[in-house]
Amino acid sequence: MALRALIASVAKYYLGNPQIVEIAVATLLARGHLLLIGPLGSGKTILAKALSNAIGGAFARVQMTNETLPSDILGYGVYVQGEVRIVKGPIFNNVILIDEINRAPPRTLSALIEPMQERTVTIEGITFKLPEPHMIIATMNLTEVARGAAQPLPYAVTDRFTASLQVNYVNNAVEREVIKLSDQLERLDGKPQNPRPVNISTEQIYVSDAVIDYIINIVEYIRRDERVEIPLSTRAPIALYRLAKALALLDGRNYVIPDDVKKAAHPALDHRVVLKPEYGDISPAGVVEEALNEVEPPTYL
């Protein structure tokens, strides 16, 4: 399947900001996970279903509450006549939408770390590999966090998302098209379309040492910023590196240029920047943008 056709297949159902579609597909190609931040009813479920449908994979949705257990997501073991039978949970689909992830209790969030990082799940002492491709798309409503109705997402979990995106309501013209498409959107059920879903690798994409140094310099600039409370972990440059490779692939190139890094910077880094409380007048996006403006990109590759 042509990569641009993959984007077009998602954009057929998810209308609005084309950058969101591009970053969502790039995150999948980068073998990463995506955090969607925005209000209710802004199309986050449709985006996840459309992405699963485009690759021919299986889709599952989990609605997080303060009573959601790890077994509700991972699965559990059942003892039948002295033997353990494993009932696999929704995490074993290709694309999993976790709605309002920050409502989950700490134990359930901790259970997500293994599948997000290792791509395995351990149930009753037995370790299972997750299918390929595999992607978690989680949503978070910051309005409820600001009102105290939900807790912020722990940094250990946030840091494992390759990218984050702000998803807002569409304008009137786009909303008109969404209304026309609503009946078709209801039929988008997320059922698996192919026995072997599309799985495209970015390993063949070349990244020069100069571009890798550029990635490291951007991250290091943010680490040294006195306004940042928690230094960026090594997952930050890795996410930026992988997302830039995926964007290069989507652009039809087998090598990464500085513009790919710039395009990937906000999705890969914004959600990782935690500011000190006294700097409430600035945003994480502003800190990342300053780093992009101050760090010189390589001019000779």
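## Getting started

Helices (H or I, at least four residues) and strands (E, at least two) are DSSP runs, numbered from the N terminus. By that reading, the protein chain has 12 helices and nine strands.

Please keep in mind that this is a predicted model, in which local features need pLDDT of at least 70 and side-chain atom pairs count only at pLDDT 80 or more, while totals for chains, interfaces and linings use all residues. Residues are numbered from 1 along each chain as its sequence is written, and side-chain values use heavy atoms, with hydrogens and water left out.

## Overall shape

Let us begin with the chain as a whole. Its C-alpha trace spans about 65 × 40 × 40 Å along the principal axes.

Of the 301 residues, 50% are buried; here buried means under 20% relative accessible area, exposed means over 50%, and partly exposed lies in between (1.4 Å probe, protein chains only). The protein chain exposes about 14800 Å², and carbon and sulfur atoms supply 50% of this area. Such areas come from the Shrake-Rupley method with a 1.4 Å probe; for residues, only the protein chains shown count as cover. A contact means heavy atoms within 4.5 Å. Among contacts between residues at least 6 apart in sequence, 78% join residues at least 24 apart.

Pockets and cavities are found on a 1 Å grid over the protein atoms alone: a pocket is an open set of points with protein on both sides within 12 Å along at least five of seven lines, and a cavity is a set where a 1.4 Å probe fits but cannot get out. Lining residues have an atom within 4 Å of a point. Grid points are joined across faces, edges and corners, and a volume is the space filled by probe spheres set on the points.

The largest pocket holds about 840 Å³ of space. It is lined by 38 residues, and I37, L142, Q166, D270 and H271 are the closest to its centre. Several elements give two or more residues to this lining, among them α2 (18-29), β1 (34-37), α11 (258-269) and α12 (284-294). By class, the lining has 25 nonpolar, 11 polar and two charged residues. For these classes, Ala, Val, Leu, Ile, Met, Phe, Trp, Tyr, Cys and Pro count as nonpolar, Asp, Glu, Lys and Arg as charged, and the others, Gly among them, as polar.

The second largest pocket has a volume of about 390 Å³. Its lining has 20 residues, with G41, S42, G43, K44 and I46 closest to the centre. Helix α3 (44-55), strand β2 (59-63) and helix α8 (172-186) each give two or more residues to that lining. Nine of the lining residues are nonpolar, six are polar and five are charged.

How many cavities of 30 Å³ or more does the structure hold? There is one, and the largest cavity contains about 30 Å³ of space. Its lining is made of G38, L40, K44, D99, E100, T139, M140 and N141. These divide into two nonpolar, three polar and three charged residues.

Most residues other than glycine have a negative phi, and most peptide bonds are trans. E100, from the cavity lining, has a positive phi of about 50° although it is not a glycine. E100 sits in the loop between β5 (95-99) and α5 (106-118) and is buried, because its relative accessible area is 14%.

R119 also has a positive phi, of about 60°, and lies in the loop between α5 and β6 (120-123). At 11% relative accessible area, R119 is buried too. The peptide bond from E132 to P133 is cis, with omega near -5°. P133 belongs to the loop between β7 (126-129) and β8 (135-140).

R85 is part of strand β4 (residues 83-88). Its relative accessibility is 48%, so R85 counts as partly exposed. Beyond its neighbours within four places in sequence, R85 is in contact with Y76, G77, V78 and V80. R85 and E124 are 39 residues apart along the chain, with 9.6 Å between their C-alpha atoms.

Is S182 buried, partly exposed or exposed? With a relative accessible area of 31%, S182 is partly exposed. S182 is placed in helix α8. S182 and L142 are 40 residues apart in sequence, and their C-alpha atoms are 26 Å apart in space.
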